[in-house]
Amino acid sequence: MRRRRRARGEATKRLSVAAAYVEHSEGFHGALQEALVSYIADQLNRSAPGLTRQACRQLLTESGLDAQLVEGIDGLLERCEFGRFAPSQSGVAQSQALLSEGEDLVERLREALS
């Protein structure tokens, strides 16, 4: 229960770390992915290390979340994986858009799991 109460504050800190990488691109996708996966883990009382995109999707679906929200989270995690392992010359604007989407999804997830 305590972990879940602290989840939002921890997510804010992790999203701030991701925001610090926006200008540099390298490390941004990993930081954003970590923020989302850690938030999901905290909310669902799971261990974040080793929690894959597919496992997140399954846990969120089993929690009875709206399919559109689950799709949104899965899609963002997929883009983070792609950005981490197949880096491109994505610009600051694209990174800022991903960060904004991540912040929005964390808020929507918080509301859905409350």
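Modeller: One term before we start: when I say residues touch, or are in contact, I mean heavy atoms within 4.5 Å. Also keep in mind that this is a predicted model.

Colleague: Thanks. With that in mind, what does Ser 38 touch, not counting residues up to four places away in sequence?
Modeller: Leaving out those sequence neighbours, Ser 38 touches Arg 14 and Ala 48. Ser 38 lies in helix α2.

Colleague: Is Ser 38 buried or exposed?
Modeller: Ser 38 counts as buried, because its relative accessibility is 8% and the cut-off for buried is under 20%.

Colleague: And which backbone oxygen lies 2.8 Å from a polar atom of the side chain of Ser 38?
Modeller: That is the backbone oxygen of Glu 34.

Colleague: Let's stay with α2. How do the axes of α2 and α5 cross?
Modeller: Helix α2 covers residues 28-43 and helix α5 covers residues 92-113. Their axes come within 11 Å and cross at roughly 0°, so α2 is roughly parallel to α5.

Colleague: Which residues make that contact?
Modeller: On the α2 side they are Phe 28, His 29, Leu 32, Leu 36, Tyr 39, Ile 40 and Gln 43. From α5 come Ser 95, Leu 98, Leu 99, Gly 102, Val 106, Leu 109, Arg 110 and Leu 113. Sorted by class, the contact of α2 with α5 has 10 nonpolar, four polar and one charged residues.

Colleague: What about Leu 15, where is that found?
Modeller: Leu 15 is in helix α1, which spans residues 2-20. Leu 15 is buried, with a relative accessible area of 8%.

Colleague: What is Leu 15 in contact with, leaving aside its neighbours within four places in sequence?
Modeller: Leu 32, Ala 35, Leu 99, Glu 103 and Val 106 are the contacts of Leu 15.

Colleague: New topic. How do α3 and α4 sit relative to each other?
Modeller: They are roughly antiparallel. The axes of α3 (residues 53-62) and α4 (residues 67-85) come within 10 Å and cross at roughly 170°.

Colleague: By class, what is in the contact of α3 with α4?
Modeller: There are five nonpolar, one polar and six charged residues. Arg 53, Cys 56, Arg 57, Leu 60 and Thr 61 of α3 meet a set in α4 that includes Val 70, Ile 73, Asp 74 and Leu 77.

Colleague: What does the side chain of Arg 53 make a polar contact with?
Modeller: With the side chain of Asp 74, at 2.8 Å. Arg 53 is also in contact with Leu 77, Glu 78 and Glu 81. At 17% relative accessibility, Arg 53 counts as buried.

Colleague: And α4 itself, which helices do its buried residues pack against?
Modeller: They pack against α2, α3 and α5. Among the buried residues of α4 are Leu 69, Gly 75, Cys 80 and Gly 83.

Colleague: Last one: what happens at the start of α4?
Modeller: There, a side-chain oxygen of Asp 66 reaches to within 3.2 Å of the backbone nitrogen of Gln 68.

Technical notes. Residues numbered from 1 in each chain as written. Predicted model: local features only at pLDDT ≥ 70, side-chain atom pairs only at ≥ 80, totals over all residues. Heavy atoms only, no water. Axes fitted to C-alpha atoms, helices over the stretch in contact; angles between N-to-C directions. Helix = DSSP H or I, 4+ residues; strand = E, 2+ residues; numbered from the N terminus. Parallel < 35°, antiparallel > 145°, perpendicular 65-115°, else oblique. Nonpolar A, V, L, I, M, F, W, Y, C, P; charged D, E, K, R; others polar. Buried < 20%, exposed > 50% of the residue type's maximum accessible area, 1.4 Å probe, protein only. Polar contact = N/O pair within 3.5 Å; in protein donor to acceptor, adjacent residues only side chain to side chain.
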